[in-house]
Amino acid sequence: MPVRTGWLMPTGQTRQNTRVTLIGATTPVNPLAVRSGILPGTYDGKFRVGGLWMSSSGPMTATVYHGKAVIQGGTTDGAYPVALDEDITLTFADGDPLNDRIDLVVVRVYDNDVDALGKYEAVVEIVKGTPAAVPAAPAAPARSLVLFTVKVKKGASAGTGGIDWAGGAATDLRTTTVSAGGILPVYNNAGVPGGYPGQYQDNDNAHFLQRWDGTAWVAYPKEIGGIAPSGTIATGSYTGQYRDSGGGQLQRWNGSAWVVYQPPVEVETTNTGATALANWSLTSFAGRRTKGGLCTVTFLVTRTGAQVDANTAGNINDEPLCVLPAGWRPALDFETTGCDGFGSGGVVLSASSGQAVLRTWSSGGALVPGRNIRVSATYVL
């Protein structure tokens, strides 16, 4: 059997099992339990995680590749070291005739001492989901580590083309773990709480080191030569040196003075998620937001409906233009402007619905089919 476990079977623990599953990687989550996850690393060192990767091998089949992992049982069950030392092929059941479903691919430990299922073994298996109009992934079994979800479309079979692997049917949900004291390479687990103050993780998405302060992950700057303790130096030795100011602030020597250090600002961007409303088409959308909640959006809509004329007072019937995606809407209704190069008007961005509604236009002007209206706004989320 290619899936090996250490100290699980009541008899038959071989020296090879012990050697292959030797891990020493347990990131604590409390005094007894550890974080389940896959040991990081690839053969060429270019990627964070290579173990237990999965790729399609046929219309209804996929190959799971070798790797090592730790699976935490109940708090007092302990952690199970697991190693897959041969690639294995999984076969998915055909799709339901009427509805899509979502399956889980997991590494699972069966331990009769705690689950009373009559066996002691580790396996890579498929947990079949329930077909539904809006399918959801099934719950992961106890003593398992989720690797991937796979969407199986209705009617899928080897004869009908199978699973839409090329269309993104598989979603990677693997997570990482390392030894206590090690720096965790984040992979699908950036928001998982730390186990103790002083734990570190390398958040590759945000491109900086983070330290768990007991309640949150806090950005930790790159220092040269270490951070000087409070009261030890009055003048910096080199530009870029850091010190603890003693007042709860980190300071950086800029060559002539100590300056309060500001951690890098986490920024997220998008150009998807907005949708046009009746009589308009969405030509472009872009958003940029910071971790602190400041957001800027810009969108361009094109008039596809009939011409709308504004009276001499600039009044028009409300024209809903588009809907901003959730998470990119203002905290309160926000007033901004839109312009097409011929006229301009007031646009209200709704905090609740996300609708951008044009409410006024230039006196005597018109919303002419084919013209583009550009709207930009900066606000607090």
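## Basis of the description

Two strands are said to pair if DSSP finds at least two bridges between them. Helices (H or I, at least four residues) and strands (E, at least two) are DSSP runs, numbered from the N terminus.

The structure is a predicted model, in which local features need pLDDT of at least 70 and side-chain atom pairs count only at pLDDT 80 or more, whereas totals for chains, interfaces and linings use all residues. Residues are numbered from 1 along each chain as its sequence is written, and side-chain values use heavy atoms, with hydrogens and water left out.

## Overall form

The secondary structure of the chain comprises two helices and 30 strands. Along the principal axes, the C-alpha atoms fill a box of roughly 90 × 75 × 35 Å. The radius of gyration of the chain is 28 Å, whereas a compact globule of 381 residues would have a value near 21 Å. This radius is taken over C-alpha atoms, and the globule rule is 2.2 Å times the number of residues to the power 0.38.

Of the 381 residues, 42% count as buried. Buried means under 20% relative accessible area, exposed means over 50%, and partly exposed lies in between (1.4 Å probe, protein chains only). Among contacts (heavy atoms within 4.5 Å) between residues at least 6 apart in sequence, 55% join residues at least 24 apart.

Nine strands form an open sheet in the order 20-22-23-30-26-27-28-25-21, with antiparallel pairing. Strand 20 and strand 21 (275–276) are the edge strands, each pairing on one side only. Strands of a sheet pair through backbone hydrogen bonds, either parallel or antiparallel.

Strand 20 (residues 267–270) is joined to strand 22 (residues 280–290) by four bridges, and the two run antiparallel. Here Thr-270 stands opposite Gly-287 of strand 22. Gly-287 also has a bridge partner in strand 23, namely Val-297. Nine bridges join strand 22 to strand 23 (residues 294–303), again in an antiparallel arrangement, and Leu-282 has Val-301 as its bridge partner in strand 23. The hairpin of strand 22 and strand 23 has three residues between the strands, and in this hairpin Gly-293 takes a positive phi near 105°.

Another open sheet is formed by four strands in the order 16-17-18-19, and its pairing is mixed. Strand 16 (227–228) and strand 19 (258–260) stand at the edges with a single partner strand each, so one side of each is left without a neighbour in the sheet. Strand 18 (residues 250–253) and strand 19 run antiparallel and are joined by three bridges. Arg-252 stands opposite Val-259 in strand 19.

## Aromatic pairs and charges over rings

The structure holds six aromatic pairs. Rings of Phe, Tyr and Trp (its six-membered ring) pair if their centres lie within 6.5 Å; planes under 30 degrees apart count as stacked, over 60 as edge-to-face and the rest as tilted. One of the pairs is that of Trp-53 and Phe-148, which is edge-to-face, at 5.4 Å centre to centre and 75° between the planes. Trp-53 lies in the loop between strand 2 (37–38) and strand 3 (54–58) and Phe-148 in strand 10 (residues 144–152), so the pair ties together parts that are 95 residues apart in sequence. Trp-53 is partly exposed, at 36% relative accessible area, whereas Phe-148 is buried, at 2%.

Phe-334 and Tyr-379 form a tilted pair, 5.4 Å centre to centre with 55° between the planes. This pair links distant parts of the chain, since Phe-334 belongs to strand 26 (residues 334–339) and Tyr-379 to strand 30 (residues 372–380), 45 residues apart. Phe-334 counts as partly exposed at 25% relative accessibility, and Tyr-379 as buried at 3%. Charged groups also sit over rings (NZ of Lys or CZ of Arg within 6 Å of the ring centre and within 35 degrees of the ring normal). The charged end of Lys-119 sits over the ring of Tyr-110, 4.0 Å from its centre, and that of Arg-371 over the ring of Phe-342, 3.6 Å from its centre.

## The surroundings of Thr-61

Thr-61 is located in strand 4 (residues 61–64) and is buried, with a relative accessible area of 19%. Its side chain makes a polar contact with the side chain of Ser-57 (3.0 Å). A polar contact is a pair of N or O atoms within 3.5 Å; within protein, one must be able to donate a hydrogen and the other to accept it, and residues adjacent in sequence count only if both atoms are side-chain atoms. A polar atom of the Thr-61 side chain also lies 3.1 Å from the backbone nitrogen of Gly-58. Not counting residues up to four places away in sequence, Thr-61 touches Ser-56, Thr-89, Leu-90, Thr-91 and Trp-165.
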